[in-house]
Amino acid sequence: MHNLTIAELIKGLQSKEFSSVELTQHFLDRIATMNPGYNALITVTADQALRDAAEADRRLAAGNAPALCGVPMLHKDIFCTSGVRTSCGSKMLDNFIPPYNATVVENFEQAGAVVLGKTNMDEFAMGSSNETSFYGPVQNPWDTDCVPGGSSGGSAAAVAARLAPGATATDTGGSIRQPAALCGITGLKPTYGRVSRWGMIAFASSLDQGGPMARTAEDCAIMLSCMASFDEKDSTSIDQEVPDYSATLSKDVQGLRVGVPAEYFSEGLNPGTEKAVRAALAELEAQGAEIIDISLPNTGLSVPAYYVIAPAEASANLSRFDGVKYGYRCEDPKDLQDLYTRTRAEGFGEEVQRRILIGTYCLSAGYYDAYYGKAQQVRKLIQQDFERAFATVDVIMGPTCPTPAFKFGSKGDDPVAMYLEDIYTIATNLAGLPGMSVPCGMVDNKPVGLQIIGNYFDEARILNIAHQYQQATDWHNQAPEGVTS
Amino acid sequence: MNIERQEIEKLATLARIAIEEGTITGVGERLGSVLELVDQLQAADTSGLDGKSYSIQAIQRLREDEVTEINQREALQALAPDTEEGLFLVPKVIE
């Protein structure tokens with residue numbers, strides 16, 4: 001059952017081939033056996049999952065089952081779940097049990113999904129390797145000496161290891177697409193404002209966006225149709241109808257104009273990765289797409305702009321963790337300042353502290369215009385690059401990341417080496433555009449991701465293209481050794 | 001890029017993060033490395049650009065001034081490290 005896609009599981013459940021309780025127990029058994037190695041889950045909600053599965057079976061029997069009724073899912077541990085610990089990968093929230101559900105969690109509950117547990121992640125979603133998690137790193141199922149990517153590394157590894165057919169994730173600078181690429185699965189970051197951020201613990205509010213991870217584009221379409229919604233509780237949620245993303249998957253790509261930016265094939269790109277991405281472009285060309293060389297000249301400025309804007313927003317967002325209202329508090333504080341400073345020094349890990357300090361620096365008196373003001377202007381330059389490109393092409397494609405999965409600890413002590421991992425993904429967050437990663441090849445038995453970037457609210461189109469590509473190729477069906485049996 | 005010890009101490013105070021004496025040099029080096037990266041921004045020609053406008057033309061919505069949430073004080077305070085009679089407790093502030 002664990003090799004079936006979400007689309008196949010829905011059919012199996014509705015035709016009573018298996019029950020949701022059987023399916024849920026099957027995935028829980030796999031998690032119990034395999035997760036101690038991968039460390040992809042922080043919390044397993046077995047009892048609740050089995051109760052929800054039994055309820056789903058009753059609804060399926062009664063014939064009034066909603067879209068995802070009885071399908072097991074995982075939530076990234078950044079989404080608040082009522083009554084279930086939501087840690088955000090941090091010691092700061094190790095004891096935090098939210099009294100409410102995130103809108104995304106609520107949407108899946110309404111759709112009848114069964115939640116198996118919460119996935120591991122880089123602390124407060126700050127990282128590209130899952131090495132900053134308070135709960136320890138996640139192993140990449142393709143090579144357990146390698147990272148799964150991050151920050152949604154737990155969700156990506158869990159889907160790749162078939163511990164669940166799908167998982168929610170979030171993407172602030174590449175945190176859905178990069179781990180999807182490194183773990184050989186399919187992941188989509190929607191347009192900013194498409195998926196509600198209510199109850200999604202904030203990192204950088206103008207960049208954060210939730211999205212689905214699954215093995216196929218078809219499954220991502222099913223998940224996004226449920227996940228996306230207009231939400232009055234999120235002031236940046238956009239009041240636009242959510243299309244049925246599954247309905248348009250079968251259109252062909254004849255005449256599609258695919259822009260290929262020269263800057264995404266620059267120095268530092270692994271030759272094997274480039275070869276796989278070029279082969280994917282050739283496949284789409286064979287299906288009738290037109291490949292057009294384009295330029296996104298300010299791509300090189302996206303990482304520097306991001307490392308001003310994201311830490312600046314993070315330093316403000318994370319000021320709420322002060323040891324007073326919820327979360328970690330240091331032992332025996334001698335006064336209020338000691339309470340604040342020691343709680344935050346002990347509760348936050350090194351990378352989170354670093355980003356708070358950078359953000360504080362960039363926002364402090366005398367530096368604001370030179371850093372934050374300048375970065376916001378550069379953000380505009382990057383948006384204009386995309387606007388110009390989308391005047392002549394329908395979508396933009398390139399690699400998701402420069403290399404396949406790298407070894408634990410291999411980025412060394414310099415944080416900038418890790419930051420450059422997101423060189424091809426960050427610009428879409430700065431512009432607010434949707435982007436997707438689709439498996440398109442292997443290098444040294446490790447997966448490579450093809451990135452598809454769409455115009456605003458063009459999720460249906462990029463899902464359609466990804467699905468057409470997956471109809472003609474087999475990369476998304478490849479599995480790490482030992483996970484299919 | 002080098003960051004002075006005094007500057008790091010000021011940042012630590014502003015950010016309310018205690019930095020141990022023995023780690024200040026290392027923290028400074030790594031912050032310097034990141035600031036070197038972001039200094040690449042200075043070379044960009046951004047004249048005439050308004051950094052406050054966005055591509056997505058979102059409108060800030062307004063809503064009626066009506067109570068929509070129920071009072072959950074007890075549930076919310078149950079999460080706090082220390083409370084008494086509906087108040088959050090912190091170390092003594094006034095001598």
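Visitor: How many residues of chain A are in contact with chain B, and how many of chain B take part?
Guide: 67 residues of chain A touch 46 residues of chain B. Contact here means heavy atoms within 4.5 Å. This is a predicted model, in which local features need pLDDT of at least 70 and side-chain atom pairs pLDDT 80 or more, while totals for chains, interfaces and linings use all residues. Residues are numbered from 1 along each chain as its sequence is written, chains are lettered from A and ligands numbered from 1 in the order written, and side-chain values use heavy atoms, without hydrogens and water.

Visitor: What area do chain A and chain B bury between them?
Guide: About 4,800 Å², with 67% of it on carbon and sulfur atoms. That is accessible area (1.4 Å probe) lost on putting two parts together, summed over both. On the chain A side, A:Leu357, A:Tyr361 and A:Lys374 supply 13% of the area buried against chain B, more than any other three residues.

Visitor: Why is the pair B:Arg30 and A:Glu350 called a salt bridge?
Guide: The term asks for a side-chain nitrogen of Lys or Arg within 4 Å of a carboxyl oxygen of Asp or Glu. B:Arg30 and A:Glu350 meet at 3.4 Å, N to O, so the pair qualifies. The count between chain A and chain B is two salt bridges.

Visitor: What makes helix 7 of chain A largely enclosed?
Guide: Nine of its 11 residues (217-227) are buried, so the rest of the structure largely encloses helix 7. Buried means under 20% relative accessible area (1.4 Å probe, protein chains only). A helix is a DSSP run of H or I, at least four residues, numbered from the N terminus. Among the buried residues of helix 7 are A:Asp219, A:Cys220, A:Ile222 and A:Met227.

Visitor: Which residues lie nearest the centre of the largest pocket, and how many line it?
Guide: It has 32 lining residues; A:Cys80, A:Tyr100, A:Trp198, A:Gly199 and A:Arg320 lie nearest the centre. A pocket is an open set of points on a 1 Å grid over the protein atoms alone, with protein on both sides within 12 Å along at least five of seven lines; a lining residue has an atom within 4 Å of a point. The volume is about 820 Å³. Helix 3 (73-77) of chain B and helix 4 (103-110) of chain A each supply at least two lining residues. Helix 3 of chain B gives the largest share, three.

Visitor: What is the volume of the largest cavity?
Guide: About 70 Å³. In a cavity, a 1.4 Å probe fits but cannot get out. There are three cavities of 30 Å³ or more.

Definitions and conventions. Points joined across faces, edges and corners; volume = space filled by probe spheres on them. Buried < 20%, exposed > 50% of the residue type's maximum accessible area, 1.4 Å probe, protein only.
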